[in-house]
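Subject: Two-chain model, handed over

Hello,

Here is the model we talked about.

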Amino acid sequence: MMIYRGKEGQWSWIFHRVTGLGVLLFLLIHIIDTMLVGWGPDLYNKVIEIYRHPVFAVGEVGLFAAVLYHALNGIRIILVDFWPDGARHHKTLFYGEMVLFVVIMVPVAFLMLSHIHF
Amino acid sequence: MTEPSDIRAGRPIPTGSSFELFAWFFMRVSGVLLLLLALGHLAVMHLINSIHTIDYDFVAERWSGDWGMFWRSYDWLLLSLALLHGSNGLRTILDDFIRPGGWRTFWMSVLYSATFIFLAVGSIIVFTFSPL
């Protein structure tokens, strides 16, 4: 098993796996709920109604955050793999990634949470 | 001691197995495509629209309107790349945490079967759906 030497590399690796697993789990649930359109409007609308609960609105922000982190960190991995100087700058890339993550997440979370209808 | 310049953030490039090399490359190519497809999907469905505007009629219009074939193709590409990217990611996790032997074979079989079933079900719905 690959374990990195703590710090940024270790954390980015753990987050990459955790967010990947979380998104995969949601993908499987999402395939099942979308499958229900085949059974007509009554069933589909009843099931989609569940997602309108405020708990899922918070979960939606978590989903976006997981996909965004996984995407940005994936770009960092590709840069380290293919850019000859990438590995030397892996910490800078990680902190750049964190800044970009926060900059995108703030307006997205604001917009998503403003959709909540109590 | 490993020098900082030797640290790689991704998996080391696999050598000695053409399948592993292909899988390694697939994760990077599908990853870039998924960045566009998944974040595009999130932007359209969760930021421009929201769970309060999405219902059966929304899906029916989206998959049957003038842009119906475009969205069906988009959704199918996202579905298949995400599922294959995700199940290959889970495969590397199982490889890490389960020792070679019977149980690894068992869980790998579960993984491959589930991937096949979800891909089949998803593809059938995306391409055979017709509104009532």
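The notes below go from the chains to the contact between them and then to the core.

This is a predicted model: local features need pLDDT of at least 70, side-chain atom pairs count only at pLDDT 80 or more, and totals for chains, interfaces and linings use all residues. Residues are numbered from 1 along each chain as its sequence is written, with chains lettered from A and ligands numbered from 1 in the order in which they are written.

Confidence

Where pLDDT is low, the predicted coordinates should not be read in detail.

Chain A

Chain A has 4 helices and 0 strands. Helices (H or I, at least four residues) and strands (E, at least two) are DSSP runs, numbered from the N terminus. The order is α-α-α-α from the N terminus on. The radius of gyration of chain A is 18 Å, well over the 13 Å that the globule rule gives for 118 residues, so chain A is more spread out than a compact globule. That radius is taken over C-alpha atoms, and the rule is 2.2 Å times the number of residues to the power 0.38. Along the principal axes, the C-alpha trace of chain A spans about 55 × 30 × 25 Å. Buried residues make up 23% of the 118. A residue is buried if 20 or more other C-beta atoms, placed from the backbone, lie within 10 Å of its own.

Chain B

Chain B also holds 4 helices and 0 strands. Its pattern along the sequence is α-α-α-α. Its radius of gyration is 19 Å, well over the 14 Å from the globule rule for 132 residues, so chain B is more spread out than a compact globule. The C-alpha atoms of chain B fill a box of roughly 60 × 40 × 25 Å along the principal axes. Of its 132 residues, 16% count as buried.

Helix α4 of chain B (residues 102-128) has 27 residues. From first C-alpha to last, α4(B) reaches 39 Å, close to the 39 Å expected at 1.5 Å a residue. The expected span is 1.5 Å times one less than the number of residues. G122(B), I125(B) and V126(B) are buried in α4(B). Their cover includes α1 of chain A and α3 (68-97) of chain B.

Where the chains meet

How many residues of chain A are in contact with chain B? There are 40, against 34 residues of chain B. Contact means C-beta atoms, placed from the backbone, within 7 Å. On the chain A side, α1 (7-35), α2 (41-51), α3 (54-82) and α4 (90-113) each give two or more residues. α1(A) gives the most, with 11.

The core

The largest nonpolar core has 22 residues. Such a core is a set of buried Ala, Val, Leu, Ile, Met, Phe, Trp, Tyr and Cys residues joined through C-beta atoms within 7 Å. V67(A), L68(A), A38(B), L79(B) and A82(B) touch the most other members. Two or more residues come from each of α1, α2 and α3 of chain A, and α1 (18-48), α3 and α4 of chain B. α3(A) supplies the largest share, 7 residues. L68(A) also touches F101(A), I104(A) and M105(A), not counting residues up to four places away in sequence.

Best wishes

How values were computed:
Contact = placed C-beta atoms within 7 Å. Buried ≥ 20, exposed ≤ 12 C-beta atoms within 10 Å, placed from the backbone.
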